[in-house]
Amino acid sequence: MQADSAAVFSESPVRALRGRLITGRLGEDAIEDGAVWLEGGRIRWCGPAVDIPAGISSPIERVPLILPGLVDVHCHGGRGHTFASDLDGAYVAANYHAAHGTTSILASLVAAPSPVLLKQITVLRELVRDGTLAGLHLEGPFLAESMCGAQDPAAIIDGNPALLEQWLQAGQGTVTSITIAPETPHFAELVSLCRHYDVVPSLGHTAATAAQTRNALASMPPEDTQAWSATHLFNRMPPLGHRVPGPVAVLLQAAQRTPDRMILELIADGVHLDPEIVRMVFALVGPQSIALISDAMAATGMNDGAYSLGSLDVIVQGGIARLAPADPNTRGAIAGGTSTLLDNVRRCVEWGIPLIDAVAAASSTPARLMGFTGRGTITAGYRADLLATTENLEVLQVYRAGIPLKIERTDRADYLV
């Protein structure tokens, strides 16, 4: 999929950090006294501090924790803006998340009429090309209307391969993921198109039975070994029942059997999922099959109030985003998250998930899912995306391609390397 361009990193200065090092590599313990040497926008060396090479010419900065830059494969916006609104607003949203630890981010677009989606894709592909975004995620419109959640039901349509190919061609390689309900018409054709264009199909917003879900996964030929994902597991799909298991049982089994092929998105914000569910999924399939996501919308980084998601109005109260209900006596559907990805990593740790597992699920696993080469872990030769944090996972400094990012950026010039 997407490879890094060395030309981006030519002006980065030399830096070195020392502290407790979490590489993000699966199964690798923390290095209690570790160090990372950054040069030319890449990681030149990392390992135990006792083995620091003699050639480091810059002072070594001591920090409590060093983590890999996080990778969010499902995010709608932040800092008052959605990615679908306008170019300047999309920069603000992307920059906010980058400054708070998410150094690679997919912009998620909700279901919309085809001309609207085409326009959004055409605008946002420029942000992928300049490195602001890592790719685009289409969350629909080939979804189950009964499970549309915080999406406009009028924009939900049956699977249409011709339309999908039109969108993917418009993206010119920048669309990297699309959510599809397993029961939508032409499902197998849609997935075949995804494979042709190197796009990850993600099963979600579905009312499918367990049998429908299993048949959908089996619809590809045996030689197809590419990745699948599940869009925010549990949310907007039938609940896991002991007599009517629905898609969740099949998706959990697929992730356990083939961890390289099925990755389960989890929104660990304490709103979308109970902590017990998050602990259960980590225990069943492990971080190699989990991608923590933010599902963040415009209110992330903002106060409570009125916002929008696509064409729908959203009210945020107590940090919880819900669709504005037509009847004031009812509650609207949850309309995305209001946390950053690092916030959700911190919650996982508070809920008892080992730090190395929570970090891997927010860095190396989603990077592997999307085929992002040269990032997602702290590894020599990789792009120098990393975080310096406190022991409580509060950001001290974010480095993207070796460049320290400002905590707040609201314009493009401040952000680009």
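**Surroundings of Ser202**

Leaving aside residues up to four places away in sequence, Ser202 is in contact (heavy atoms within 4.5 Å) with Ser177, Ile178, Thr179, Ile180, Ser229, Ala230, Thr231 and Glu265. The side chain of Thr231 also forms a polar contact of 2.6 Å with the side chain of Ser202; such a contact is a pair of N or O atoms within 3.5 Å, where, within protein, one must be able to donate a hydrogen and the other to accept it, and residues adjacent in sequence count only if both atoms are side-chain atoms.

Ser202 is part of strand S11, residues 200-203; strands are DSSP runs of E with at least two residues, numbered from the N terminus. Ser202 counts as buried because its relative accessibility is 0%, the limit for buried being under 20% relative accessible area with a 1.4 Å probe, protein chains only.

**Strand S18 and its partners**

Strand S18, residues 386-389, is covered on both faces: Leu386 and Ala388 are buried on one side, and Leu387 and Thr389 on the other. Strand S4 (residues 60-68) runs antiparallel to S18 and is joined to it by four bridges; strands pair if DSSP finds at least two bridges between them. Opposite Thr389 of S18 stands Leu65.

Four bridges also link S18 with strand S19 (residues 395-400), again antiparallel, and Leu387 has Val398 in S19 as its bridge partner. Five residues lie between the strands in the hairpin of S18 and S19, where Leu393 adopts a positive phi near 65 degrees.

**Basis of the values**

The model is predicted: local features need pLDDT of at least 70, side-chain atom pairs count only at pLDDT 80 or more, and totals for chains, interfaces and linings use all residues. Residues are numbered from 1 along each chain as its sequence is written, and side-chain values use heavy atoms, with hydrogens and water left out.

Notes: Buried < 20%, exposed > 50% of the residue type's maximum accessible area, 1.4 Å probe, protein only.
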